[in-house]
Amino acid sequence: QLQLVESGGGLVQAGGSLRLSCVGSGYTLDYYAVGWFRQAPGKEREGVSCITSTGGSTNYADSVKGRFTVSRDNAKNTVYLQMNSLKPEDTAVYFCAVTHDAVVDEFPALPTLAEYFGSWGQGTQVTVSS
């Protein structure tokens, strides 16, 4: 059974950078597209970024385009989210989850987006101070 573990969160000043990691265990991530989501207190879970199984295609929420970059190293069973120029509004718990490649093209506009994803990790907290 595939399990995902996120890491790399922390406290950073506005304008700073963090790199999140999503490591898979129990099964290879090679077959899956992987998405990053975030959830701030009192807000709904929001799709942030998504990458196909081979890394050949990516997609981003408008709020992070040009600042965040998703990548993957299938040899390490790991997907990364490089976050630059962080803003206080990026503060949230960040989660990764798996889906199928076909979802990536429609990400994050699909209605009920989270329902297309599974094997959710426990999340990692990102806090950006102003």
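Guide: First, a term: two strands pair if DSSP finds at least two bridges between them, and strands are DSSP runs (E, at least two residues) numbered from the N terminus. Leu 4 stands opposite Gly 24 in strand 3. This is a predicted model: local features need pLDDT of at least 70, side-chain atom pairs count only at pLDDT 80 or more, and totals for chains, interfaces and linings use all residues. Residues are numbered from 1 along each chain as its sequence is written, and side-chain values use heavy atoms, with hydrogens and water left out.

Visitor: What makes strand 1 and strand 3 a pair?

Guide: Five bridges join them, in the antiparallel sense. The rule asks for at least two, so strand 1 and strand 3 count as paired.

Visitor: Why is Cys 22 to Cys 96 called a disulfide?

Guide: The S to S distance is 2.1 Å. The cut-off is within 2.5 Å for two cysteine sulfur atoms, so this pair qualifies. The torsion about its S-S bond is about 80°, so the disulfide is right-handed. Cys 22 lies in strand 3 and Cys 96 in strand 9, so parts 74 residues apart in sequence are tied together.

Visitor: Why does Cys 50 count as buried?

Guide: Its relative accessible area is 0%. Buried means under 20% (1.4 Å probe, protein chains only), so Cys 50 is buried. Cys 50 is in no disulfide: the nearest cysteine sulfur, that of Cys 22, is 11 Å away.

Visitor: How do you know that Arg 72 has no salt bridge?

Guide: The nearest side chain of opposite charge, Asp 30, is 5.5 Å away. A salt bridge needs a Lys or Arg side-chain nitrogen within 4 Å of an Asp or Glu carboxyl oxygen, so Arg 72 has none. The side chain of Arg 72 does reach the backbone oxygen of Tyr 32, at 2.9 Å.

Note on methods: Helices (H or I, at least four residues) and strands (E, at least two) are DSSP runs, numbered from the N terminus. Buried means under 20% relative accessible area, exposed over 50%, partly exposed in between (1.4 Å probe, protein chains only). Lys and Arg count as positive and Asp and Glu as negative; His and the chain ends are not counted. A polar contact is a pair of N or O atoms within 3.5 Å; within protein, one must be able to donate a hydrogen and the other to accept it, and residues adjacent in sequence count only if both atoms are side-chain atoms.
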